[in-house]
Amino acid sequence: MRIHFTWLLLLATCFAAPIAAEETFRTDASEDEKLPWYQTVPGQFPPEGSAHYYTGELVSKDHIHRKGMIRVSRTDKQRRSHWDLPVDFRLLPYGSLAYHGAPAALKDIPIGTHLHGLWYIKDEGEETKSLFYNRKSIESDFTKAFRLVDDFTYYQQKNQLWQVDRVDLKEMKLYLVSQAEGEEKPTAIEVDLTPATRVYLGKQFATLEDIQPGQNVLFNLTWATLYGVGRCTELWLDEESRQIATAQQRAQHLLHQKDRGIAGIIDAVDNQNRILTVTFFGGIDPTLLEDFKPNTTAQVCVSEPTLQIYDQVNDKKGGPILSVEQVEKRPGSSGIQVRVQPSLLLEGYRPGRIVRIFPSGWPIVTLPEEETLWPERD
């Protein structure tokens, strides 16, 4: 069973931001298909509503370089001959992910997870590979990932739960009805269960026998649209189990970020006074930014678009944080801008370049060798 394209567009309305009326690029809601899609500009955040939405399954990943491959979900917009074709992608520097309702890194998301994505079109001149007799996915041009989230996060952000209508353990089927706010007509779906489906209830693991009609649930899928809606890999039967899953992922995210610093883009450099003006990227837990305060210090490391650092223990330069201000919050931006005065301006401290900053109190540790840029020099 394919998911109807109009249903996917309806789902996307809560995932994408509104588009400004004066923009002259194409969007998912555009009536003029002759308009070009928005092309991202290095060193700049994209405008509201400019991304394209589609879903698919994560089939491979290189978490160090923030890239991977996604098998695009089937829709009525595709020809049957072009079902299930993959697209190679890379995360934009300000691209973000969420898993189990909390910010995540690509390494946190298991292979086989069904993802909802916002994407930007490939760079001009960039080649996309074809396969299976020179076929390409209908989404093959959209290779820049801006935002990727699992089903759990997607429906949680929409305040949409699914109520168990009935469960058939003989046929291994779960029948669900959407419980979305403001939904005129509930959506009914049929999800496949497997002996490997992980079920959570409260603080403990549950079993398929614990699934009961009337429960409000969230789920994650795999094999989405291949044989119906998809196979259920994870199922949360109550609010307590969902809160625990989110809290665990949030803790993982906080640890990941504090070990690697907060990434941002350099807006301006005052060479005479050695002052960097940096806007932090979005998609992170906002409590992390509370540790950046005026009249404290910070360490600044040069980063690449993959967000990799050469050697954060030895290549950092530190100095006082002069100010922390709120600025216009655009897609990909946290809306928080800091001014830091390092003791020395490094070559990588240039407008449009990326840095990662550690506020005072965050230990700067040696990262695993494969995460640094040193091995790539050979």
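The following legends describe close-up views of a predicted model.

View 1. A polar contact of 3.3 Å joins the side chain of T143 to the side chain of E126. When neighbours within four places in sequence are set aside, E126 is also among the contacts of T143, together with V87, D88, F89, R90, Y120, K122 and T128.

**View 2. The aromatic pair of F89 and W119.** The count of aromatic pairs comes to 21. In the pair of F89 and W119, the ring centres are 5.8 Å apart and the planes stand at 75°, so the arrangement is edge-to-face; the angle lies over the 60 degrees required for that class. The pair links distant parts of the chain, with F89 in strand 3 (residues 86-99) and W119 in strand 5, 30 residues apart. Both F89 and W119 are buried.

**View 3. The aromatic pair of F280 and F292.** This pair is tilted, with 4.7 Å from centre to centre and 50° between the planes. F280 belongs to strand 15 (residues 275-281), whereas F292 lies in the loop between strand 15 and strand 16 (297-303). The two residues are 12 residues apart, and the pair links distant parts of the chain. F280 is buried, as is F292.

**View 4. An aromatic cluster and two arginines over rings.** Ring pairs join F25, Y38, F45, Y94, Y120, F146 and F281 into a cluster. Elsewhere, R166 is positioned over the face of Y175, at 3.8 Å from the ring centre. R231 is likewise found over the face of W223, at 4.0 Å from the ring centre.

**View 5. The largest nonpolar core and the contacts of F281.** The largest nonpolar core has 43 residues, of which L174, L176, V191, I211, F219, L235 and F281 touch the most other members. Strand 12 (residues 216-222) supplies the largest share of this core, 4 residues. Residues up to four places away in sequence not being counted, F281 touches F45, P93, Y94, A263, G264, I265, L307, G332, S333, S334 and I354. Another core, of 25 residues, lies apart from the largest one and has L276, L289, V300 and V340 among its members.

**View 6. V313 in the loop between strand 16 and strand 17.** With 26% relative accessibility, V313 counts as partly exposed. V313 and V365 are 52 residues apart along the chain, yet 6.4 Å separates their C-alpha atoms. Residues up to four places away in sequence being left out, V313 touches I364, V365 and T366.

**View 7. Helix 3 and the residue that follows.** Helix 3 (residues 239-260) has 22 residues, which at 1.5 Å a residue should span 32 Å; the end C-alpha atoms are 32 Å apart, in agreement. The buried residues of helix 3 include S241, R242, A245, T246, Q249, H253, L254, H256, Q257 and R260. An α-helix has 3.6 residues a turn, so residues three or four places apart point the same way. G261 follows helix 3 and has a positive phi, near 80°.

Terms used
Residues numbered from 1 in each chain as written. Predicted model: local features only at pLDDT ≥ 70, side-chain atom pairs only at ≥ 80, totals over all residues. Heavy atoms only, no water. Polar contact = N/O pair within 3.5 Å; in protein donor to acceptor, adjacent residues only side chain to side chain. Contact = heavy atoms within 4.5 Å. Phe/Tyr/Trp six-rings, centres within 6.5 Å; stacked < 30°, edge-to-face > 60°. Buried < 20%, exposed > 50% of the residue type's maximum accessible area, 1.4 Å probe, protein only. Lys NZ or Arg CZ within 6 Å of the ring centre and 35° of its normal. Core = buried A, V, L, I, M, F, W, Y, C linked by side-chain atoms within 4.5 Å. Expected span 1.5 Å × (residues − 1).
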